Structures are given as C-alpha cells and as structure tokens.
Amino acid sequence: MSCHTKSSPGLAEQWRGSAHHQAGVNCMDCHQADPADADAITHEGQVISVIVSPKDCGRCHQTELDEQSGSVHAEAHAIISERVPALAHNLTGAAMQAAGCDQCHGSAVKVRGDGSLDPATWPNSGIGRINPDGSKGSCSSCHGRHAFSKAQAREPDACVRCHSGPDSPDKEVFEASKHGMIYKAQHEAMNLDADTWVAGQDYTAAPTCVTCHMGAAGKVPSTHDVGMRNAWSLNTPVSVQQYLVVFEDGDKLELPADQKPPKRGTELTKADGTTGKVKVVAGPDRRRKIMSMVCLECHGKNFTESFMDQFDAVVALYNGKFGEPAAAIMQGLYEQGLLTPLPFDEPLEFTYWELWHDEGARARHGAAMASPNHAWWEGMYLVGRNFYSRFLPQARAVAGDAAGELIDPVLAASDHHRWQSSPDAANPILGWSPLPALEPGPSEALGDADQSGKAPQARVESQVAEPQTAAPMTEAAPASEGSGND
Amino acid sequence: MIKLRAPLFITRHVLFALVVGGVSGVVFMFFLIEFDHFTSSNEFCLSCHSMSYADDFYRQSVHYNSPSGVRASCGDCHVSEGIIMATYDHAVGTKDLIKQLFGPDYDDPVVNTLHLPEAAFAARDWFRKRDSATCKRCHAQEAIMGTRANTAAIHQEDAEGKTCIDCHINLVHRPVPERLTFKREAWNAMVEEEFGLEPGAAATVMGEH
C-alpha cells in the first residue's frame, strides 16, 4: 500500500475512502492468490492475481455471487460467442472484439505461458468475462474499482457503458421516460448512499435501473440476477416468454415458455453443454409478478397491470407483424439457396439484422420502460419503415420468381398487412389528399374539376385489374412491392 | 660497517626461481584480467548460437538502448566484479559450455525457449545471493530519481530489506514468471503456439533431454 500510495495514488485514495477500508478489507483480501492459480504472479513477496474475479469477491459476498452466477449478465460472453466471428471478425476485424464486443460482453481472459495476460483479452471488465479461475463475470463492471461505491452502482449511469446506443438504448429510454425525468429532478431525494436501499422505504422519489431489475422493494428481496424479473426476451428476432430454470448447483437456464416446463429433479442440458438437475422453475408469469410487485410500491394494481398489458401488446404486435414474418421470409430464402448461409454478404442481411437487432429491440425496450419516443419514433416507426421500404423490396428482389411462394403467403397469413390492399384509403398525412369524388353529372359540366374527379376513378380500375397483371409485373420488376401485399 | 648479505639459503637457483615465478605470476594475473575481460564480452557470449535468443530480447531492452549511451554488456550483469570472483564465475560457467556441447540442442529455438525458465530461475538466484551486486556497479539506490513523482521515495522507504532483483525481473530477457507461480504446462503451450507445434510436442521435446 505504501508503494501504491506513491505510484498510483488514485486507486489508493479510492480504496481509502471505501467501505472496504472501513471494514478493514485490504489489498490482499481481494488480490490474494494461490500459486497454482492460472493467473497467479509474485508481487513484493506475495502471490497475487491482478484480476479479482467474482469467485474472489464471493469469499465475502457469497449471496451476491450465487445470484450473479448463471445470470444473463454472467453469461453475456457465452450468449454471443457464436455470433462474434461474423460481425467482429468477418465484417470488421479481430481488433474490434477486444475494443468493442468484449468490453461489454466480457473477454475470455487468456493467461500466456510467461504469466502475462494476453492484451487481446485484457484489460477487460465486461460483465460476462470468463476469468482465469473459470468463474464468469466481472463485479467491477458495475462496482467501479477501487471505491466500490454503493451509490455509484445504484445510479443509472452504472449501466450506461453497455446499455446505450442503437441496440439496447436503455440509458436513452430511461432518460426519456417519466421515471428518468423525475429521477433527475429529485436526485437529492434518492438516498443513494443509504445502507439498505429498499424502494418504498429508503427512497420513493423515482426508480433507477437497479430498482426494477435488481432492487429490494417492499417484500421483494434484492437480487444480483439482473434478468430474473424479465418475462420476455427482447433482444431476439422474435420475442419469447421464458422459463427461468435454476439447477441444484445454482446454474441457470432460460427456456421458451411455449414448451412444457421441465419438472423438478429432471436432468437437463445446460447452456455450456453439461447436465444438471432442475431445482426450481420460474415461469414468465412468476417473473412478471415479481417485477410488478416493484411497481406496486408506487403505482396501483390496475395501473401496473394495464401498463404491462400495453407493453405486452407492443411485443405481440412486433412479433406478429414484423418479427415472425421477417424471420419466416429469411428462412425461406436461406432454405431455397437464394441467400448464401454466410451472414452479412448480402444487403438484405443487414436490413434484417437492423430490423430486429436495432430498431426492433429499441421499440420493445421503449415500450417496456415507458419511453413513448423510443417505442414509436426511434422504434416501431423505423421497424415499419424498414419492413415496407427496405426489407420487403430487397427480399422480393432476392426471391425473384419465388416471391409468390416465399413472401406473399407469409404476408397474407395475418391481417397485419391488409391495409396495403386499399391504396385508395386517402389520408392527408403526406400533405396531399384527393378531393372528394364529385357526382358524375356536375363533374362533366365543370371543365376544371373534370381531371381531379377522374383520377380516383382510374385508380380504382387499375386496382380491380391488378390480379391479372400481378404475375407479369413481378417478373418485369422483381424489386417492386406493388403486387404482393393484398 | 654493516654489510648486507642475502641469507645463505638464497642460492642462485632460488633467486632464479623467484624471479621466474614472480614474472610468470604477474603475467598470469594479466592473463586472467584479459581472459575475464574477453569472456565477459558480448562477442564471446554470442559466439555460441544459442545465446542469440537471449541477445534478441537484450537488444530490445533499455540496458542495450539507453538514451545516454551507457550500455551494459553480458558480463556487466552476469559476471562478478574483482578478479577472484570473476574467475570463479567463469569457472562455474564452464558447465554451460559443457551443456552446450553435450546437452540438449540449445541452438534449436524451441529447445532453447523450453529450457529458458530454469536458466532464468538460476540467474535470479545468482543475483539474489550476491545482493544484486552487479546491478549496483552502475545503479546507486540512493540516486534513483525516476521520471514519476514518487519513484525516489519508493526506492528509499519501500525498498528496505529488498534487493534489486526482488522487484526488477524480466527487464532484459524474455519474460519468465517467478519460480513459485511458474506453470510448465502453460509455458509449453505458449511455445507450441508460438512455433506452430502440435499440442504435447513440447513435453516430448523436453522428455528427450
């Protein structure tokens, strides 16, 4: 410590002001290592490791470790490890994995034979980091070292490093919501430094990310499993409700709720390929109920349920109108060999990726956290614009003759796209609307009105004639979306 | 009047032997000085091909490339000061020559890198046993100022009871962990990756010697 006070006074001073210091927790309590540890190094006559893993923190914070392990945060690296090569390696370059993906999702830290940490994987405090001791996660992702301030971790800003930007703009969504607005105005009343931080007891001004996703509220205990209260998956091409399966060894697994729930005591394959015995299964209803109980600290029951209904309706709309049809169309194109299996070598693949991963996720997050701007303008409006003006035209161009088989039936399967078969349904939103059709008698008498009176009539005729011309039109102009949507 | 006479046992033969012995003694001392000097030079050390791997890292280090132009040679660090200790070090060092001639093929970079950790451990022990004496030929602890604000204070207050090598390892040659935390499997895996060998090949190479 004497050395570090001189050589890195910043971290020494942060520790000195921390609760750790007050409790007598010093450097070696966290950094001690066994010589056999993969990343053990000698330092001033002691054996230490630079990386303090969740396992190390768990020596004192056992409950938090148990909750955190197996959570969507701890699995953040594992969840995308299959996807990373396509985006980070093919589309850009491997350097982006270290500077981009891994900084949020966590790296698989590699200790080299000479004891040094591979710079391609370290420094890293991504929340799903695979540590040299095998544990997953990084506590310092939220609890900035070496102060480990409670108040800092309770701030919405603790989440901003990763939960911002186009695909999970939760910082922006929260700030644009009423919750975020009040939080900012009432920051003084948030009691962020309190020992316990139970919503409704220790603070009532506004919720932060922590409040709803992890925090204690009334009878609801706090948890370090940040995804536990989420009924839906929102960052998938199609949202599904999910069971949360907890294994006897504490590991967790999420399963789509349209399957039968696994029974207690059955053997199940975990995400990492090993098997485990099921200890308890929480259905999406139970997960939703816990989340709603947090709301109830400040809102009425009817208010809460109705809000959740509005949110669910948006997810269902996204799924039914855009997510499922787009996924079905993509699947058809892949199966017919019209798209190569290689991702991102065709423009349509970018369009589809942005449809669900960026715009679609934004819409769903906006609805989940009550930011009308993100639900609509930054979200579902862009989903609709993309779907009708980019995705469908590009998909038709790719499908060519097969559009009638691969695309039209998908769109016709629901009522969602029926509006396109009424091209006469006028609306002044674009600044133009046809004059109301005049009676045939007077229109013939008035020379000027004649043109405007005839125009809608001609459009009706072309609409009627369309079924016969549809097939040749598709052949002649495969990119056109004119024919297939009725 | 006192007449100075040599004692009777100083015969002509004895006198001759003394003169010849004295002269050859001086010549031998000169020879040792020159010999120690020569065998401490980079040229001599690098006359073995196996030493070129140590040289690669040395040339990247600040002990080779110092802004002031001061350059530490192999012997400056690895051979003790003073003719007696220098000669002793060289005598002990002949075991390296024997190993070079009759031991593993250290000229092979794989073999060389695989055996490097043991060499590093031995070198560190050597420094520690001598209280880092060769470091102190050039570095005076009380004169270390450093470029960072508190380097001087650290070398006064926090270095007590420690010798240079306790903190300053892996300065010049390829980094090797301390013996306590060294892991042979990890080192072997690194060498296999570096030289594009099959997993397990390093252990086979090591087993051959």
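Biologist: How many residues does the contact take from chain B and from chain A?

Modeller: Contact means heavy atoms within 4.5 Å. Here 19 residues come from chain B and 17 residues from chain A. This is a predicted model, in which local features need pLDDT of at least 70, side-chain atom pairs count only at pLDDT 80 or more, and totals for chains, interfaces and linings use all residues. Residues are numbered from 1 along each chain as its sequence is written, chains are lettered from A and ligands numbered from 1 in the order in which they are written, and side-chain values use heavy atoms, with hydrogens and water left out.

Biologist: What is the area buried between chain B and chain A?

Modeller: The size of an interface is often given as the accessible area lost when the parts come together. Buried area is that loss for two parts, taken with a 1.4 Å probe and summed over both. For chain B and chain A the value is about 1500 Å², and carbon and sulfur atoms give 57% of it.

Biologist: How many salt bridges are there between chain B and chain A?

Modeller: Side chains of opposite charge can pair when their charged atoms come close. The rule asks for a side-chain nitrogen of Lys or Arg within 4 Å of a carboxyl oxygen of Asp or Glu. Between chain B and chain A the count is 4. One of them pairs D158(B) with K6(A) at 2.7 Å, N to O. On chain B, α7 (151-158) and α9 (184-195) each supply at least two residues of the side that touches chain A; helices here are DSSP runs of H or I, at least four residues, numbered from the N terminus.

Biologist: Which residue forms a salt bridge with K110(A)?

Modeller: The partner is E193(B), with the closest N and O atoms 2.9 Å apart. This pair runs from the loop between α9 (95-105) and α10 (150-154) of chain A to helix α9 of chain B. Buried means under 20% relative accessible area, exposed over 50%, and partly exposed in between (1.4 Å probe, protein chains only). K110(A) is partly exposed at 31%, whereas E193(B) is exposed at 56%.

Biologist: Is R396(A) buried or exposed?

Modeller: R396(A) is buried, at 3% relative accessible area. Its side chain meets that of D408(A) in a salt bridge of 2.9 Å, N to O. R396(A) lies in helix α18 (residues 372-399) and D408(A) in helix α20 (residues 408-412), 12 residues apart.
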